[in-house]
Amino acid sequence: MDTDMKPTQIPLCVPEIRGREWEFIKDCLDTNWVSSVGPYVDRFEIELARFVGSRWAVATCSGTAALHIALLAAGIQPEEEVLVPALSFVAPANAVRYVGAFPVFMDVDPEFWQLDPDKVAEFIEGSCRWVDGKLWDKHTRRVIGAILPVHILGHPVDMDPIIEVANKYELKVIEDATESLGARYRDRTVGTLGDIACFSFNGNKIITTGGGGMVVGNRERHRERAHYLSTQAKDDPIEFLHKEIGFNYRLPNILAAMGIAQLESINDYITAKRGIADRYNRGLGNVPGVKLPSEAKWARSVFWMYTILIDESRFGCSSRSLLERLAQKGIQTRPLWHPLNQMPPYEHCHSYRVEVTPEIYRKALSLPCSVGLTHENQDRVISEIRTLLS
Ligand SMILES: *Cc1c(COP(=O)(O)O)cnc(C)c1O
């Protein structure tokens with residue numbers, strides 16, 4: 001009786017397994033090709049590169065490892081600086097520290113919540129100095145090596161102005177596209193816009209391998225470095241000769257097998273994600289104090305995480321009390337990430353006019369948006385939110 005009365009739990013975002021995952025993984029087990037070399041790794045790299053539209057892809061054991069390798073392959077040096085948005089999951093900032101460089105935190109725009117190209121340009125033109133073919137941060141006296149835009153929540157960053165300023169000052173552009181596989185910026189796919197880009201196949205990403213990542217790019221030199229450094233910098237496989245310090249970052253074949261099965265469904269997943277966003281937009285569109293996520297004219301978002309902003313004074317409660325009240329009804333929601341420039345490892349790093357990020361952090365709440373979310377469950381989320389309002 002008691003259990004009958006408990007509402008079913010609606011999780012925030014869980015994987016969708018409905019394709020040939022079992023078949024391909026079983027094939028790995030049957031053939032003993034379970035580890036970091038194997039036909040599925042090669043195939044996953046080829047097929048992901050084809051899907052994204054990049055020349056090459058190198059599989060890694062996580063998206064964070066992909067970021068680390070991308071920064072190394074792009075040649076980012078210790079003591080250099082990399083521009084990173086303050087509103088992001090922590091991984092890109094950590095990866096910058098892994099190579100001994102330092103993040104400089106930039107703000108996001110109030111409309112799409114992505115790295116703000118105007119503030120990036122303003123910072124570079126106003127707070128940096130171009131001397132001897134290098135861009136110096138006047139405040140820290142360090143050289144700026146790259147811009148690392150993060151396409152958050154499935155929506156692309158406005159990349160053209162960022163690439164323009166990066167070209168002018170010879171900065172690398174490393175895309176963190178881990179949340180936005182399949183998203184489009186103008187007529188191009190996210191992950192093909194900068195010098196090198198990263199994807200993640202963690203459990204809650206657009207497609208999953210349990211854990212995994214990919215570095216993608218167009219330059220052969222970058223591919224060689226990414227492959228070499230992620231396979232222990234092995235120079236001679238028989239004599240165990242290593243001329244550099246490498247990393248054991250390769251993706252196991254058994255996980256790549258799952259990735260191929262997931263990739264076969266990606267267009268259906270994206271359609272489902274966009275459908276969920278549509279349905280929330282219609283169901284919550286006229287709720288006072290709720291701001292819906294916007295999609296830019298130049299963007300096709302994959303709506304990886306459907307996120308709304310709650311204006312406490314108009315809605316009647318804060319994003320955090322809405323989180324608690326929905327949790328009591330069995331509905332899992334989640335705020336966005338604590339602003340990176342305010343966290344202990346990063347509070348002493350340079351940040352430039354981070355003004356919009358804290359407000360979005362305070363107001364944001366992500367709603368259940370699994371690919372497999374049923375209409376019935378989604379309607380329950382919508383009606384619980386509307387009930388709380390009244
Ligand atoms: C998920 C994520 C990553 C890292 O991916 P893992 O595969 O979990 O290591 C990096 N950056 C952002 C913005 C992410 O959301």
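## A friendly tour of the sheets and the ligand site

Tyr-185 stands opposite Ala-299 of strand β13. This pair is a handy way into the structure, which is a predicted model.

- Strand β8, residues 184–185, is joined to β13 by two bridges, and the two run antiparallel.
- Together with β9 they form an open sheet of three strands, ordered β9-β8-β13 and paired in the antiparallel sense.
- The edges are held by β9 (188–189) and β13 (299–300); each has a single partner strand, so one side of each has no neighbour in the sheet.

**Strands β2 and β3**
- Five bridges link strand β2 (residues 81–85) to β3, this time in the parallel sense.
- Within that pairing, Val-84 has Phe-105 of β3 as its bridge partner.
- To get from β2 to β3 the chain passes through α5, and this β-α-β crossover is right-handed.
- Is β3 enclosed or open to the outside? Five of the five residues in β3 (residues 102–106) are buried, so the strand is largely enclosed by the rest of the structure.
- In a regular strand, side chains alternate between the two faces of the sheet.
- In β3, Phe-102, Val-104 and Met-106 point one way while Pro-103 and Phe-105 point the other way, and all are buried.

**The ligand and its shell**
- Which residues are closest to the ligand? Of the 16 residues that surround it, the closest are Gly-63, Thr-64, Glu-179, Ser-200 and Lys-205.
- Sorted by class, the shell holds five nonpolar, eight polar and three charged residues.
- Helices α4 (63–73) and α5 (91–98) each supply at least two residues of the shell, and α4 gives the most, with three residues.
- Thr-64 has a polar side-chain atom 2.5 Å from an oxygen atom of the ligand.
- For Ser-200, an N or O atom of the side chain is 2.7 Å from a ligand oxygen atom.
- Asn-202 places a polar side-chain atom 3.5 Å from an oxygen atom of the ligand.
- Taken alone, the ligand exposes 380 Å², and the protein buries 92% of that.

**A lysine on helix α2**
- Lys-26 lies in α2, which covers residues 21–31.
- Its relative accessible area is 48%, so Lys-26 is partly exposed.
- Lys-26 and Tyr-98 are 72 residues apart in sequence and 36 Å apart in space, C-alpha to C-alpha.

Notes
Residues numbered from 1 in each chain as written. Predicted model: local features only at pLDDT ≥ 70, side-chain atom pairs only at ≥ 80, totals over all residues. Heavy atoms only, no water. Near = heavy atom within 4 Å. Polar contact = N/O pair within 3.5 Å; in protein donor to acceptor, adjacent residues only side chain to side chain. Areas by Shrake-Rupley, 256 points an atom, 1.4 Å probe, with all protein chains shown as cover. Helix = DSSP H or I, 4+ residues; strand = E, 2+ residues; numbered from the N terminus. Nonpolar A, V, L, I, M, F, W, Y, C, P; charged D, E, K, R; others polar. Pairing = 2+ DSSP bridges. Buried < 20%, exposed > 50% of the residue type's maximum accessible area, 1.4 Å probe, protein only. Right-handed = clockwise from strand over helix to strand, strands pointing away.
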